[in-house]
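Q: Please take me through this structure, feature by feature. I would like the general idea of each term, then the case here.

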Amino acid sequence: LRGKIYLVVGNGWPDCTNVQDEWQISDAGEKFDQVMAHCRQPPIPGHLSLNYTSCTGVDGVAYHSPKSIAVGVNQRLYEELKGIWEGSRPDIAPTVLMMDFPGMELLRLVIT
C-alpha cells in the first residue's frame, strides 16, 4: 500500500475492523489525541485498523467545520509522523488513516 492513495467507502466489515471514528469533537487537539491513542493500540490479529482524523463539532454556539478542525489535526499529525520518520517519536501500529483536507506536505510525508 505504500506510495498509493486508496479510497475506502463505508465499514462493511464490522467483525474484522478496529475503528476510531469520534467525529463529534470541536477541538483539534482532542481529536488528534483520539487519533494517536488509536494509532498506538497494539494491532488486533486479523483486523484492519481504520482511523478517521475527520470530525466536526459545536463549541458552545460556535460550529466548527470539518475543514477548520482538519487544519489543526493535520498539522499535529504532520509533526507526529515527521517525528516518527526521523526517529524522535515512538512508532505507531499499522492503520489506515482517513483524512479530510490533508494537504500536499502531509501526503508527501505519508507516501514517501
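A: Start with burial, where buried means under 20% relative accessible area, exposed over 50%, and partly exposed in between, with a 1.4 Å probe and protein chains only. Cys39 counts as buried because its relative accessibility is 1%. This is a predicted model, in which local features need pLDDT of at least 70 and side-chain atom pairs count only at pLDDT 80 or more, while totals for chains, interfaces and linings use all residues. Residues are numbered from 1 along each chain as its sequence is written, and side-chain values use heavy atoms, with hydrogens and water left out.

Q: In which element is Cys39 found, and with which residues is Cys39 in contact, leaving aside its neighbours within four places in sequence?
A: Helices (H or I, at least four residues) and strands (E, at least two) are DSSP runs, numbered from the N terminus; Cys39 belongs to helix α1. Contact means heavy atoms within 4.5 Å. Neighbours within four places in sequence aside, Cys39 is in contact with Asn51, Ile92, Ala93, Thr95 and Leu97. For Cys39 and Asn51, 12 residues apart in sequence, the C-alpha atoms are 7.6 Å apart.

Q: How many helices and strands are there in the protein?
A: The protein has 3 helices and 5 strands, and from the N terminus on the order of elements is β-α-β-β-β-α-β-α.

Q: Which strands form the open sheet, and in what order?
A: Strands of a sheet pair through backbone hydrogen bonds, either parallel or antiparallel. The working criterion is that two strands pair if DSSP finds at least two bridges between them. Here an open sheet of 3 strands has the order β1-β2-β5, with parallel pairing. Its edge strands, each pairing on one side only, are β1 (17-20) and β5 (96-98). From one strand to the next, the twist averages 20°. Between β1 and β2 (residues 48-52) there are 4 bridges; Thr17 has Leu48 in β2 as its bridge partner.

Q: Where does helix α1 lie, and at what angle to β2 does it run?
A: Axes are lines fitted to C-alpha atoms, for helices over the stretch in contact, and angles run from 0 to 180 degrees between N-to-C directions. Helix α1 (residues 28-39) lies across β1, β2 and β5, at about 170° to β2. Val35 touches Gln20, Asn51, Tyr52, Thr53 and Leu97, leaving aside neighbours within four places in sequence.

Q: Which residues make up the largest nonpolar core?
A: A nonpolar core is a set of buried Ala, Val, Leu, Ile, Met, Phe, Trp, Tyr and Cys residues joined through side-chain atoms within 4.5 Å. The largest one has 9 residues: Phe32, Val35, Met36, Cys39, Leu77, Leu81, Ile84, Leu106 and Leu109. At least two residues come from each of α1, α2 and α3 (103-111), and α1 supplies the largest share, 4 residues. Apart from this core lies another of 5 residues, including Ala28, Cys55, Ile69 and Val73.

Q: Is Phe32 buried or exposed?
A: Phe32 counts as buried because its relative accessibility is 11%. Beyond neighbours within four places in sequence, Phe32 is in contact with Val73, Arg76, Leu77 and Glu80.

Q: What does Asn74 touch, not counting residues up to four places away in sequence?
A: Asn74, in helix α2 (residues 66-86), touches Thr53, Asp100, Phe101, Pro102 and Leu106, with residues up to four places away not counted. Asn74 counts as buried because its relative accessibility is 7%.
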